[in-house]
Amino acid sequence: MEGNAGVHKAFRTAVVPAAGMGTRFLPATKTVPKELLPVVDTPGIELVACEAADSGASRLLIVTAPGKDGVVAHFVDDLVLENHLEAKGKHRLLEKVRRAPNLLEVESVIQDRPLGLGHAVGCAEQSLTDDEDAFAVLLPDDLVQPSGILETMASVRAQHGGTVLCAIDVPKGQVSSYGIFHVEEVAGIADPDVMKVLGMVEKPQLADAPSTLAAAGRYLLDRQIFDALRRIKPGAGGELQLTDAIALMIEEGHPVHVVVHRGTRHDLGNPGGYLRAAVDTALNSDEYGPDLRKWLSERLEMNNKG
């Protein structure tokens with residue numbers, strides 16, 4: 001696709017921080033990494049990888065924790081399983097199994113201590129080549145659909161340089177649950193969903209919120225972020241916050257823009273958001289949607305009668 005070629009020039013590597021323990025999903029995540037929990041029949045990490053590949057990335061760099069090898073193993077060919085499915089004539093399942101290993105090149109880097117998102121992003125520096133002046137970060141807890149926002153973000157970077165972030169417009173009653181952007185309109189930008197970022201306020205009360213635009217787990221970061229991460233001070237628990245590094249860059253005149261995503265965004269990082277993502281995905285599926293919609297209608301009707 002022509003659009004993909006343009007994004008490919010903007011970034012080659014998509015970084016996915018996946019070193020967390022998934023404590024909100026215990027006991028399931030005692031043995032299964034949170035990123036491998038399926039949204040219907042596809043692990044969250046594969047959905048993120050598909051988004052990265054569709055947006056032009058050629059490499060997925062997974063930042064993982066010691067002993068958490070299953071996330072990367074999902075992208076390795078399983079020839080025994082593939083041969084079994086082929087011999088049984090289960091070609092549709094075979095196609096599904098082969099999808100992840102063939103999406104893009106997958107590598108991993110270890111974050112040996114849980115020291116925050118900024119630290120996780122910093123771990124990726126050693127794996128980028130010298131000519132990569134920008135890279136994408138996709139948080140696997142955020143399921144952003146439909147895909148395509150990274151292409152828009154790449155276009156904004158091509159026009160204005162710097163770093164580009166993604167936002168969702170949240171209801172006023174929810175602003176205290178998010179990092180909220182302080183933005184301004186930019187002369188010469190016709191798209192009302194593209195704005196300049198002046199700063200960010202973490203989980204403000206509504207009266208103190210500069211907008212209702214919340215961070216949505218997609219970043220197109222200029223390589224200067226690594227220098228900023230080295231210069232910020234750790235916060236609570238010794239963690240390095242990515243937002244602090246971005247704030248430092250803004251203070252020093254680095255251009256930062258935000259693109260507002262007008263599709264859906266589900267939080268796969270907690271059971272409630274995960275359930276909504278699974279239901280939403282299933283309802284949009286030709287295979288599962290009709291039966292699920294019928295069952296949900298009947299179930300909700302029973303509830304109302306009760």
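**Pockets, a cavity and a helix contact**

The lining of the largest pocket divides into 18 nonpolar, 12 polar and 10 charged residues. In this count Ala, Val, Leu, Ile, Met, Phe, Trp, Tyr, Cys and Pro are nonpolar, Asp, Glu, Lys and Arg are charged, and the others, Gly among them, are polar. The model is predicted, so local features need pLDDT of at least 70 and side-chain atom pairs count only at pLDDT 80 or more, while totals for chains, interfaces and linings use all residues. Residues are numbered from 1 along each chain as its sequence is written, and side-chain values use heavy atoms, with hydrogens and water left out.

The largest pocket holds about 1,200 Å³ of space. Among its 40 lining residues, Arg24, Leu117, Leu139, Asp141 and Asp142 are the closest to its centre. A pocket is an open set of points on a 1 Å grid over the protein atoms alone, with protein on both sides within 12 Å along at least five of seven lines; a cavity is a set where a 1.4 Å probe fits but cannot get out, and lining residues have an atom within 4 Å of a point. Points are joined across faces, edges and corners, and a volume is the space filled by probe spheres set on them. At least two lining residues of the largest pocket come from each of α6 (117-122), β10 (194-202), β11 (213-222), α9 (242-251) and β13 (264-267). Of these elements, β11 gives the most, with 4 residues. Helices (H or I, at least four residues) and strands (E, at least two) are DSSP runs numbered from the N terminus.

The second largest pocket has about 690 Å³ of space. It is lined by 27 residues, and Asp41, Thr42, Glu46, Lys96 and Arg99 lie nearest its centre. Two or more of its lining residues come from each of β3 (42-43), α2 (44-54), α4 (79-87), α5 (91-99) and α10. Helix α5 gives the most to this lining, with 6 residues. By class, the second largest pocket is lined by 14 nonpolar, 6 polar and 7 charged residues.

How many cavities of 30 Å³ or more does a search of the whole structure find? There is 1. The largest cavity contains about 80 Å³ of space. Its lining consists of Phe25, Lys34, Glu35, Leu37, Val39, Gly44, Pro140, Asp141, Leu268 and Tyr274, which by class makes 6 nonpolar, 1 polar and 3 charged residues. Asp141 is also among the residues closest to the centre of the largest pocket.

The search for aromatic pairs finds 2 in the whole structure. In one of them, the rings of Phe25 and Tyr274 have centres 5.5 Å apart and planes at 80°, so this pair is edge-to-face. Phe25 is in the loop between β1 (13-17) and β2 (38-39), Tyr274 is in helix α10, and the pair thus links distant parts of the chain, 249 residues apart. Rings of Phe, Tyr and Trp (its six-membered ring) pair if their centres lie within 6.5 Å; planes under 30 degrees apart are stacked, over 60 edge-to-face and the rest tilted.

Helix α10 (residues 271-283) also meets α11 (residues 289-305): their axes come within 7 Å and cross at roughly 120°. That makes α10 oblique to α11. Axes are lines fitted to C-alpha atoms, for helices over the stretch in contact, and angles run from 0 to 180 degrees between N-to-C directions; under 35 degrees is roughly parallel, over 145 roughly antiparallel, 65 to 115 roughly perpendicular and the rest oblique. Val279, Ala282 and Leu283 of α10 contact (heavy atoms within 4.5 Å) Gly289, Leu292, Arg293 and Leu296 of α11. The residues of this contact comprise 5 nonpolar, 1 polar and 1 charged.

Finally, the backbone. Most residues other than glycine have a negative phi, and most peptide bonds are trans. Leu26 and Pro27 are joined by a cis peptide bond, with omega about 10°, and Pro27 lies in the loop between β1 and β2. Another cis bond joins Gln145 and Pro146, with omega about -5°; Pro146 lies in the loop between β7 (142-145) and α7 (149-160). Val40, in the loop between β2 and β3, has a positive phi near 65°.
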